[in-house]
Amino acid sequence: MGIDVNIESSIESNIESCALIFDIKRDCSEDGPGIRTTVFFKGCPLSCLWCQNPEGKKKQTELSYNASLCHPDQCGTPCLAICPEKSLSLVQGKIEIDRETCTACNKCSNVCPTGALEAAGYWITLKELMYRLMIDKPFYESSGGGITLSGGEVTQQMAFVHQLLKALKAEGVHTAIETSGFFNYRRFSELMLPWLDLIYFDLKLIDDAASRQYTGQSNRLILDNFSRLVEAAQVPVIPRIPLIPGITTTEENLRGIADFLASHDIDAATLLPYNPLWSDKAVNLGITPKYQRITFMTPSEINRCVTSFHTSQSGKKGVSHAN
Ligand code: SF4
Ligand code: SF4
C-alpha cells in the first residue's frame, strides 16, 4: 500500500508562477536520450552526506565564494563597500563571509568582477524559463532529445513544474526527471506523471536504518513510491544507484537493491560511480563536507559493485554504469 504524506515545499504555495533554480545546463547528453537541457531546482528533503549538488539543498538563494578567483589587490573590493549588512571582511588577502548576518541578497556577487562571489540560486518565471529552454528546440527535435528536470529534488516545486511540463508537452518536447523518490505520490501522479516521458529514480540504500543515518530520511516512502510507479507508469522508470564508496557500495546494499528490483521484474539498472568534485562546491557555500573521499572510483571498485549485483539472489540483473 502507498503512503501519502504532505512533504512539498512551501515555496510552491507562495509563488507558483516562479521557480527557484540554481542552474540550466544546455547540451547535456548524460541526462537522457539525445541533446538535452537540464534544469536544476533548489530544495531537497534528503541530506545525503555525499550530496553532489550541495547548492540544490536549501530552498533559498545562497552566496557562493570561490577564494581561488578572488583578487582584492586588483579589484578595489567593491563587494565590501556594497554589502548592506557588513557581512564581508578582508582577512589575509581573502574575503570572509559572516553567514549569520548575510541575507544572500547577492548585491556583492553582482559587483564582483572575477566571479569569486556568485549567487547560488535565483527565481525564474515560467515565461523566462520556457524562452530559455526553447532556444534549443531544433536540436531536441533533430537528436531525439528534450528537457530533463533535476535538482535538488524537482518534486519540491510541484505546482510550478506542473505548469512547466504542460507547456513543454504543448511544444511537443520530450520530458524526463531525475528524482530521489521522496515525494507525495498522489500529487505526483496528478501534477507530473501524465506529462512525463521518462523517469530516473534514485535508489540509494535498501536498509532503513542506513538510509536514516546517511540521507537523513527513512527509505520507506521512496521504496513504496518506486513500487507504485513501476506498477502505474506508462513510461520507463529507470532505477539508478549512486555508488558512494563505503556507504552504498557494500555487497549487502547492492545485493539488497538488486533483489528489490528483481521482485518487480526489473532487468536493468544504472550505477552512477562516485564523483568527488562536489566537495569544493560545498566549501564555497560555507558547508564543511561530512563525507571525505577526494578521488574517483577505480575500475576495479566499479567492477566489484557490478559483481555484487550479478551475484544477488535473483542472479539475473542487467547492470550498466555511467562514468
Ligand atoms: S549577499 Fe548581500 S548580505 Fe550577503 S555578503 Fe553579499 S551583499 Fe552582503
Ligand atoms: S570577492 Fe570579488 S569583488 Fe570581492 S575582493 Fe574578491 S574579487 Fe574583489
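The protein chain splits into two domains: domain 1 covers 11-59 + 126-321, and domain 2 covers 62-120. Keep in mind that this is a predicted model. Computed over C-alpha atoms in the model, the centres of domain 1 and domain 2 are 32 Å apart. Where they touch, domain 1 contributes 6 residues and domain 2 contributes 7 residues. On the domain 1 side, those residues are 2 nonpolar, 2 polar and 2 charged.

Now the chain as a whole. It has 13 helices and 13 strands. Its radius of gyration is 21 Å, close to the 20 Å that the globule rule gives for 323 residues, so the chain is as compact as a globular protein of that length. Along the principal axes, the C-alpha atoms fill a box of roughly 65 × 45 × 40 Å. Of the 323 residues, 38% are buried. If you take contacts between residues at least 6 apart in sequence, 74% of them join residues at least 24 apart.

Next, the ligands. Ligand 1 has 14 residues around it, and the nearest are Cys83, Ser87, Cys102, Cys105 and Cys108. By class, that shell has 9 nonpolar, 3 polar and 2 charged residues.

Notes. Residues numbered from 1 in each chain as written. Chains lettered and ligands numbered in written order. Predicted model: local features only at pLDDT ≥ 70, side-chain atom pairs only at ≥ 80, totals over all residues. Domains from an automatic or database assignment. Contact = placed C-beta atoms within 7 Å. Nonpolar A, V, L, I, M, F, W, Y, C, P; charged D, E, K, R; others polar. Near = placed C-beta within 6 Å. Helix = DSSP H or I, 4+ residues; strand = E, 2+ residues; numbered from the N terminus. Rg over C-alpha atoms; globule rule 2.2 N^0.38 Å. Buried ≥ 20, exposed ≤ 12 C-beta atoms within 10 Å, placed from the backbone.
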